[in-house]
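The sequence and model are shown first.

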Amino acid sequence: MKKIPKPLPVAASIGALLILYSCFILKGEESWGISPALFCLVLGVALVILSFLSKPEGVTKAPIESYKKIGVFIGVAVLYALFFGRVNFVLLTTVFLFLISYITGKKSVTDNLIYSVIVSFSVYFIFNIAFGIGL
Amino acid sequence: MVDTAFVLLVILGAFLGLVVGTLPGLSVTMATAILVSLTYTWPMEHAIALIMGVYVVGVFSGAVSAVLINIPGAPSSVATVLDGYPLALKGKASLALHTATIYSFIGTVVGFLALWLFAKPISAIAVRFSVLDYLLLGVLGLLSATAVGNGDRAKGLISAVLGLVLSCVGIDGIFGTQRLTFDANFLKGGISTVAALIGLFGLSEVLWQLITPQKKATVVESDSGKIPLKEILSHFKLGISSSIIGTVVGALPGAGGPVAALIAYSRAKSSSKNVKTPFGEGALEGVVASESANNACVGGALIPMLTLGIPGDAVTTVVLSVFILHGVRPGPFMIKENPELFSAIIVGGFIAAVAVLVLGLLLNKPLSGLLKINRTSLLPAITLLCIVGAYSVQNSVYDIWLMIAFGAVGFMMKRHRYPVAPLVLGLVLGQMCDLNLRRTITIWSAQGGFLGLVLQRPVTIILFILIIASVYFILKKPKKVGD
């Protein structure tokens, strides 16, 4: 079991950036107590302090295939969002579901196609009729 | 207020809750987060009805897979596994499921009775809260959400602070200036809570399931025996005391069903002297304690949400967003100004409790069939619902992007063992904390003394003591409740 370091530097960096950002806004402000930057400054300081308090703890490294799967899955979702509203909903959704079904493990092309068409039409009709949301 | 549609929607929600609760990997939070976005065009009572059905029955039905396949269908059924599955192996699956059903019903009723009895008095006290009290309340909510959680508490706090940071994005509530928007138009409106909720609880769960191999579980068939009511009801006293524990723990922000169930279980274990079967080997008392506590938690978690605007657990954070979407801000004035909504929640809860009883007793045997469904076949449809759900709130493609981003963040947090619930709580409570911090400083500088601001109000002193207690629990080494 390999260990990979946990991303505490992320918290510290966000905290430090927040402090810088707040100081930039606070510059020239007279009433710092009610300045919009005050809360960000407090949170930035809190994040920096907390990033030092957490105990080091590793996580089990997942096989590279798992990350590939997640990457492809998110990529397909991003593409779907990119074309959402520009291409016919049922058509776009059928293609999207077909690809997603394949990624999640359903390998039969015919099954995937039937599943994708049924779910796309169902969601289209349910949203338009029951929920009154135009897709 | 309570019409046929209301009752039917609770029942529909109950069926949905039965499915998501029974199938491991599908969570009640995920289902309610998606439903919020789908029902926002409905009358609020109807949206509440559907969500109450899913919430109450979803918490109960986690027991089905806990008993029949040794995997809790919902996190709150984690303690039910300990004795429920051994009972099933002994050929008493039906007894375990009937017990879970009856005590889930009792727990729900106790929780909602507490909500009905205590919400109004708490609201009456809370209307007198000062801005400092509200600030302390927000801080207390975030601290207690971290204090009761397992694992690294610093990570819980980091998660809460990140939620607060995200709540700052958009237009400032006092001066109207932009914060953390970096001149991007899409950030000016702030972070959509619903899109964030769907991403963090819905899509992240789908991504998690993608890398989690599905265990081939052997389903123990439920026997169709008669309901031994006398034997089940002989644990009534334990059921009531566990329900009270569940209600109290549920009222602590961030605690939720799993903590309530484990505390009630360990209390039952230490206090039950003459048990027929030892705990862990099929003691009916274990199922009674766990199931009554986790369902009582539902009513308990709604108390701080409705009276103070502080959600008790992840699902009540979602319920809170239902109110906000419909233009109602839960808090001390909510019950007085919107009594019909308060009644809708109470009535919805009681109808859902009856649904637990009816569905649990009637569908005992067919439920085992539900467990044979391959959950990966549901993932594409859930992903689609997450996307369409995020879009439908504001008809905005930007919300889809936001939801996908939060899905990835939620997945990474889960992977690195950062709790997601404090982040959501921070996002919800951020504005309240920010505004009241700055208002307190204004009053403080006008009055010229912070100590005077604190010492003249007993409520403020109590809140300070509670905050100190929370900090003490956070600093104290976490102890496993089940041990």
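Helices (H or I, at least four residues) and strands (E, at least two) are DSSP runs, numbered from the N terminus. B:Ser104 lies in such a run, helix H5 of chain B. The model is predicted, so local features need pLDDT of at least 70 and side-chain atom pairs pLDDT 80 or more, while totals for chains, interfaces and linings use all residues. Residues are numbered from 1 along each chain as written, chains are lettered from A and ligands numbered from 1 in written order, and side-chain values use heavy atoms, without hydrogens and water.

**Helix pair**
- Helix H3 (residues 44-68) and helix H13 (residues 284-308), both of chain B, pack at about 160 degrees with axes 9 Å apart; axes are lines fitted to C-alpha atoms over the stretch in contact, and angles run from 0 to 180 degrees between N-to-C directions.
- H3(B) is therefore roughly antiparallel to H13(B) (angles over 145 degrees).
- Contact means heavy atoms within 4.5 Å; on the H3(B) side the residues include B:Met52, B:Val56 and B:Phe60, and on the H13(B) side B:Glu291, B:Asn295, B:Val298 and B:Leu302.

**Residues of H5**
- B:Ser104 is buried, at a relative accessible area of 0% (buried means under 20%, with a 1.4 Å probe and protein chains only).
- Beyond four places in sequence, B:Ser104 touches B:Phe60, B:Glu291, B:Asn295 and B:Val356.
- B:Phe112 lies in H5 (residues 93-126) of chain B and is buried, also with 0%.
- Among the residues that B:Phe112 touches are B:Met52, B:Val56, B:Val298 and B:Leu302.
- B:Phe112 and B:Leu302 are 190 residues apart in sequence and 8.7 Å apart in space, C-alpha to C-alpha.

Terms used:
Parallel < 35°, antiparallel > 145°, perpendicular 65-115°, else oblique. Buried < 20%, exposed > 50% of the residue type's maximum accessible area, 1.4 Å probe, protein only.
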